[in-house]
Amino acid sequence: QVQLVESGGGLAQSGGSLRLSCTASGRILSRYVMGWYRQAPGKQRELVATITTSDTTNYADSVKGRFTISRDNAKNTLHLQMNDLKPEDTAIYYCHLENLGSIDRSRYWGQGTQVTVSS
């Protein structure tokens, strides 16, 4: 099992910044991908950004140039720096981890953290 604990959500004004963090613990393999997803009211959960153990990153078009995903290997911590926030970024943000073992492809979600951007 893997436990993911998010922190850093809250309220920001349009154009402002927030930084999310996610600390992972438990059965984490040497190869994995971690990422952030979000779900706004009445909408499906969508990918925001991902990063692999080889530091390959992937971003949704809607956040490119504004959000930056990074990780601290030593602390098993994932970050999402969100700049130039927009009201449409309002959502619950979820941390996600997928182990990339040859057999173990387990996936885990954090409990989510609310991000609210006021106009």
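In this predicted model, the charged end of R45 sits over the ring of W109, 4.5 Å from its centre. R45 also has its charged end over the ring of Y94, at 3.7 Å from the centre of that ring.

Y37, Y94 and W109 form one aromatic cluster, and the structure holds two aromatic pairs. Here they are side by side:

| Pair | Centre to centre | Angle between planes | Geometry |
|---|---|---|---|
| Y37 and W109 | 5.1 Å | 70° | edge-to-face |
| Y94 and W109 | 6.4 Å | 90° | edge-to-face |

Y37, in strand β4 (residues 32–39), and W109, in strand β10 (residues 107–109), link distant parts of the chain, 72 residues apart.

Y94, at 12%, counts as buried. W109, at 37% relative accessibility, counts as partly exposed.

Now for the cysteines. A search of the whole structure finds one disulfide. It is formed by C22 and C95, with their sulfur atoms 2.1 Å apart. C22 lies in strand β3 (residues 18–26) and C95 in strand β9 (residues 91–99), so this pair ties together parts 73 residues apart in sequence. The torsion about the S-S bond is about -80°, which means that the disulfide of C22 and C95 is left-handed. Both C22 and C95 are buried.

Terms used
Residues numbered from 1 in each chain as written. Predicted model: local features only at pLDDT ≥ 70, side-chain atom pairs only at ≥ 80, totals over all residues. Heavy atoms only, no water. Disulfide = S-S within 2.5 Å. Helix = DSSP H or I, 4+ residues; strand = E, 2+ residues; numbered from the N terminus. Buried < 20%, exposed > 50% of the residue type's maximum accessible area, 1.4 Å probe, protein only. Phe/Tyr/Trp six-rings, centres within 6.5 Å; stacked < 30°, edge-to-face > 60°. Lys NZ or Arg CZ within 6 Å of the ring centre and 35° of its normal.
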